[in-house]
Amino acid sequence: MKPIMHVLPTIAISVITAAALTGCACGNPSAESADDEAFSLRPAPKPTPKPLLNGTVSVSVRVDETDGRGNAWDVDDSAPDISLKLRQSSGGRVTTSQTSRDTLSASLDLTGITLEPGDGFDLTIYDEDPVGRDEIGSLHVTYSGLERSVTRQADGAHVTLRFVD
Ligand SMILES: [Ca+2]
Ligand SMILES: [Ca+2]
């Protein structure tokens, strides 16, 4: 009688633990139960794509020190004179930055943006010259709805886009 009374609570504990551990009938719940429970209760990462509503797309550009042939961007050996053009693929909104003189970095914000996951942008980076301009690089970025920041290499420049609610 005594051994049975001793066994029954153990079985009950095993059943409860097995249910808590999503069906793991591992038998010895004493030593490993804490670790197992922590493991089984850890939620699997399952991010949900989110639309960006009335948000801002912030573009930062860092241009390489020389062009693709290793030459200075300008004939006077100065840094490029950067302008940026950002076009929203869906809806067709376009914004163009002022020209930033003799610099390797530039930025541009496009505000009041509504984006669904899968929508995208075309960014073009120019070096404005006294006559005409050179294209430093261009790229297309798709908004996944999962990342708030995307960094890419575009020919002669390193580009970061931030999606801010
Ligand atoms: Ca130039
Ligand atoms: Ca220049």
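Of the 165 residues in the protein chain, 18% count as buried; a residue is buried if 20 or more other C-beta atoms lie within 10 Å of its own, exposed if 12 or fewer, and partly exposed in between, with C-beta atoms placed from the backbone. This is a predicted model, where local features need pLDDT of at least 70, side-chain atom pairs count only at pLDDT 80 or more, and totals for chains, interfaces and linings use all residues. Residues are numbered from 1 along each chain as its sequence is written, while chains are lettered from A and ligands numbered from 1 in the order in which they are written.

A word on confidence. The mean pLDDT of the protein chain is 84, and 76% of its residues reach 70 or more; pLDDT is the predictor's confidence in each residue, from 0 to 100. Residues 7-27 are a stretch to read with that in mind: pLDDT stays under 50 there, and the model has 13 contacts for them beyond four places in sequence. Two residues are in contact if their C-beta atoms, placed from the backbone, lie within 7 Å.

Now the layout. You'll find two helices and eight strands in the protein chain, running α-α-β-β-β-β-β-β-β-β from the N terminus on. Helices (H or I, at least four residues) and strands (E, at least two) are DSSP runs, numbered from the N terminus. Among contacts with a separation of 6 or more, 54% are between residues 24 or more positions apart.

Four of the strands make an open sheet in the order 4-1-8-7, with antiparallel pairing. Its edges are strand 4 (105-115) and strand 7 (149-154), each of which pairs on one side only. From one strand to the next, the twist averages 20°. Two strands pair if DSSP finds at least two bridges between them.

Here are some of the antiparallel pairings, side by side:

| Strands | Bridges | An example of facing residues |
|---|---|---|
| strand 1 (residues 52-63) and strand 8 (residues 157-164) | eight bridges | Val59 and Leu161 |
| strand 1 and strand 4 | eight bridges | Ser58 and Asp109 |
| strand 2 (residues 82-88) and strand 5 (residues 120-128) | seven bridges | Leu86 and Leu123 |
| strand 5 and strand 6 (residues 133-142) | nine bridges | Ile125 and Gly137 |

Setting aside neighbours within four places in sequence, Lys85 is in contact with Val94, Thr96 and Thr124. Ile125 is 40 residues away from Lys85 in sequence, yet the two are 6.6 Å apart in space, C-alpha to C-alpha. Ile125 is also the residue that stands opposite Gly137 in strand 6.

Methods. Axes fitted to C-alpha atoms, helices over the stretch in contact; angles between N-to-C directions.
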